[in-house]
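Visitor: Hi, I have a structure open and could use a quick tour. Can we start now?

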Amino acid sequence: DNSSEFIPKCRTRRRQAREQSGEADHHEGLSSDEELTPTEADEFQRSKDNVLEDSRKIFEDVHADFCDIRKILLKFQEWKEKFPDSYCDAYISFCLPKLLNPLIRFQLLSWNPLEQNFTELEEMPWFRAIEEFSDGENVSES
C-alpha cells in the first residue's frame, strides 16, 4: 500500500512550493487543502451577509410581545400564577422548548463560537430569561 508514502510526499511538495513562493503565513500542522482562497472567503462573507439581512425580515410583521423570549415567558408566568391547574394540565414545561426553538435559532444566526470575541451562551439575554423563568419554576438545573 503506497498511500502512507503518498501523504508525506505531498506535504513535502507543498512545503517546498510554499518556501519557493515565499508564503510565510502557513502554520505547520494545518492543512492547506482546507484553507479558503480570498475569492472563496469573499463569497462566503457575501452569502453570510445575505442570510443575516434576509433574517431581519422574519419578525417584521410579528407583534413585539410574541417575538421576545422574555415577554413570552412572562405570559406563561402569568398563566401559571392565575390558572395553575390548567397550566399544569397543559404540560407547559414540555411545550416551551419547541415554542422557543425558532426564536433562539434566530438569535444564534450570527453567533460564532470560533471567533475571538464571541459572546458566551450564558451571557445572551434569551439564556438569562429562560434561566430566570426556570428558577421561578423551581426546576432542577438539568
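This is a predicted model: local features need pLDDT of at least 70, side-chain atom pairs count only at pLDDT 80 or more; totals for chains, interfaces and linings use all residues.

Visitor: How many helices and strands does the protein have?

Guide: The count is six helices and zero strands. Along the sequence the pattern reads α-α-α-α-α-α.

Visitor: What share of the residues is buried?

Guide: Buried residues are 15% of the 142 in the protein.

Visitor: Let's look at a helix pair. How do H3 and H5 cross?

Guide: H3 covers residues 69-82, and H5 covers residues 92-107. Their axes come within 11 Å and cross at roughly 165°. That angle is over 145, so H3 is roughly antiparallel to H5.

Visitor: Is the crossing left-handed or right-handed?

Guide: H3 passes H5 in a right-handed crossing.

Visitor: Which residues meet there?

Guide: H3 brings Ile69, Ile72, Leu73, Phe76 and Trp79. On the H5 side they meet Ile92, Leu96, Leu99, Leu100, Leu103, Ile104 and Gln107. By type, the residues of this H3 and H5 contact are eleven nonpolar, one polar and no charged.

Visitor: Pick one of those for me. Where is Leu103, and is it buried or exposed?

Guide: Leu103 sits in helix H5. Leu103 counts as buried because its relative accessibility is 6%, under the 20% cut-off.

Visitor: What does Leu103 touch?

Guide: Leave out residues up to four places away in sequence. Then Leu103 touches Phe59, Phe66, Cys67, Ile69 and Ile72.

Visitor: How far is Leu103 from Asp68?

Guide: In sequence, they are 35 residues apart. In space, Leu103 and Asp68 are 7.8 Å apart, C-alpha to C-alpha.

Visitor: Now Ile104. Buried or exposed?

Guide: Ile104 is also in helix H5. At 16% relative accessibility, Ile104 counts as buried.

Visitor: Which residues is Ile104 in contact with?

Guide: Setting aside neighbours within four places in sequence, Ile104 is in contact with Ile69, Trp126 and Ile130. Take Ile69: Ile104 and Ile69 are 35 residues apart in sequence. Their C-alpha atoms are 8.3 Å apart in space.

Visitor: New topic. Where is Ser55?

Guide: Ser55 is in helix H2, which covers residues 38-55. Ser55 counts as buried, with 8% relative accessibility.

Visitor: What does Ser55 touch?

Guide: Ser55 touches Phe106 and Leu109, again not counting residues up to four places away in sequence.

Visitor: One more. Where is Tyr91?

Guide: Tyr91 is in the loop between helix H4, residues 84-89, and H5.

Visitor: Is Tyr91 buried or exposed?

Guide: Tyr91 is exposed, with a relative accessible area of 53%.

Visitor: What about the phi of Tyr91?

Guide: The phi of Tyr91 is positive, about 50°, although Tyr91 is not a glycine.

Visitor: Why point that out?

Guide: Most residues other than glycine have a negative phi.

Definitions and conventions. Residues are numbered from 1 along each chain as its sequence is written. Side-chain values use heavy atoms; hydrogens and water are left out. Axes are lines fitted to C-alpha atoms, for helices over the stretch in contact, and angles run from 0 to 180 degrees between N-to-C directions. Helices (H or I, at least four residues) and strands (E, at least two) are DSSP runs, numbered from the N terminus. Angles under 35 degrees count as roughly parallel, over 145 as roughly antiparallel, 65 to 115 as roughly perpendicular and the rest as oblique. A crossing is left-handed if the near helix is turned anticlockwise from the far one by less than a right angle, and right-handed if clockwise. Contact means heavy atoms within 4.5 Å. Ala, Val, Leu, Ile, Met, Phe, Trp, Tyr, Cys and Pro count as nonpolar, Asp, Glu, Lys and Arg as charged, and the others, Gly among them, as polar. Buried means under 20% relative accessible area, exposed over 50%, partly exposed in between (1.4 Å probe, protein chains only).
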